[in-house]
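Hello,

Here is the structure I promised to pass on.

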Amino acid sequence: MRTEKLIDILARENNPVKPLKHPLIRFSIWLLLSASLIVFIFPVIEHFFGHGFTLTRDLTGVLILLLSALVLGFLAFVMNSPVILSPAVKIVVGGIFFIWILRTFLKLFYMDESFMDHMQAMYSGSPHTGCMTNTYLFFTIPFFILIIMLRSGYTLEKTWAGFYAATASLSVAELLTTAMCPQTDPVHTLAWHILPVAPIPVVIWLLSEKLLKRRG
Amino acid sequence: MIEDKSHIPDISEKMVLAQSGDKQAYRDLLHTVSAELNPFLIKKIANESDREDVLQNILIAIHNARHSYTPGRPFKPWMYAIANHKVIDYYRQNKRKSDHEIGDLETDFLYSDETISELETNELLEQLLKKLPARQALIVKLMKLDGLSVKETAAMMEMTVSAVKVSAHRAYKIIQKEFKNED
């Protein structure tokens with residue numbers, strides 16, 4: 001078929017559409033919705049698993065996670081409309097979350113005791129599943145809101161956007177779990193905050209083509 | 001103040017009009033986009049027929065993505081992002097072409113080679129496509145004339161495979177009815 005004919009067909013099918021709002025507005029809506037829902041369920045979580053909420057136990061970690069959540073969440077919305085981003089930008093920005101993980105590994109490196117012994121003791125002792133459950137719960141809320149919102153746009157690079165959505169939500173989850181967890185031991189962070197949720201970005205990355213398929 | 005009636009809307013303004021449902025502005029926009037992308041595609045794709053296919057894929061993608069353009073922002077970076085992506089898709093598909101078999105077409109009439117040649121050589125096709133709802137016409141075009149599989153058509157149209165099959169089946173019913181009327 002000639003392009004001319006296709007243009008005729010497309011013009012015929014053109015019905016009014018509601019343009020997407022600016023990424024910053026949509027990002028703000030996401031933050032607001034996620035925060036409202038988390039505040040709503042927070043007393044329940046605190047009742048079962050909580051040990052008090054404080055952001056100052058590991059302030060540097062909290063700040064890195066906050067930056068990661070904000071930058072990666074915003075980027076997911078920027079990519080929700082056709083845009084060209086250089087691979088360097090995508091990799092550097094995507095790496096913010098991993099600074100937090102790297103920091104935990106560096107803390108482990110400077111520990112006096114043997115890491116493996118410590119790790120073994122951590123898993124053979126009483127399980128700290130509360131932290132793991134919190135992280136999954138806190139991840140689910142912003143992630144599903146984000147995915148629902150992103151499905152109304154048009155993402156060209158779905159795997160990248162899916163990965164950013166997952167890491168942004170995971171940053172929110174890790175931030176809240178860290179704020180609720182009384183332990184600052186890096187082995188505990190690795191064993192109960194990082195490793196149990198490590199498959200999430202990979203799984204989301206694999207499923208992103210389906211997850212971000214446009215509605216309708 | 002006197003209104004300037006000679007004002008010709010630029011490409012961004014045409015897009016905003018198109019988003020509000022203005023079919024003529026949209027038609028103009030797609031023509032402008034085709035003209036704008038032609039030199040870009042000549043640089044990227046040597047084969048003329050492939051070039052036209054890619055241009056058509058870009059136009060369909062622009063159609064599917066038209067709600068994602070934010071009024072007030074520059075149109076061209078948005079358009080070139082789609083164009084670039086489709087050119088990369090074309091290179092990827094070409095790489096995979098040797099493994100690719102167009103063997104998964106299911107519905108009888110729409111998928112038979114006999115019908116393709118019959119329809120392609122028939123002037124009736126243009127009239128038939130006009131009688132179909134635009135989306136169905138586009139699906140028939142992609143499957144019959146561009147030779148895409150159901151899965152590829154679904155990906156292109158951002159629809160599910162079953163929705164494409166349903167649309168193709170409905171189009172088939174209309175075409176069949178029209179053929180009977182012709183007889």
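To begin, is Lys90(A) buried or exposed? At 7% relative accessibility, Lys90(A) counts as buried (buried means under 20% relative accessible area, exposed over 50%, and partly exposed in between, with a 1.4 Å probe and protein chains only).

Please keep in mind that this is a predicted model, where local features need pLDDT of at least 70 and side-chain atom pairs count only at pLDDT 80 or more, while totals for chains, interfaces and linings use all residues. Residues are numbered from 1 along each chain as its sequence is written, chains are lettered from A and ligands numbered from 1 in the order in which they are written, and side-chain values use heavy atoms, leaving out hydrogens and water.

Over all chains, the structure holds seven salt bridges (a side-chain nitrogen of Lys or Arg within 4 Å of a carboxyl oxygen of Asp or Glu).

In chain A, Lys90(A) pairs with Glu157(A) in a salt bridge at 2.6 Å, N to O. Glu157(A) is partly exposed, with a relative accessible area of 23%. Another salt bridge joins Arg103(A) to Asp58(A) at 2.8 Å, N to O. Asp58(A) is buried, its relative accessible area being 15%.

In chain B, Glu36(B) and Lys76(B) form a salt bridge, with their closest N and O atoms 3.3 Å apart. Both residues are partly exposed: Glu36(B) has a relative accessible area of 26% and Lys76(B) one of 38%. There is also a network of salt bridges linking Lys86(B), Asp89(B) and Arg92(B).

Best wishes
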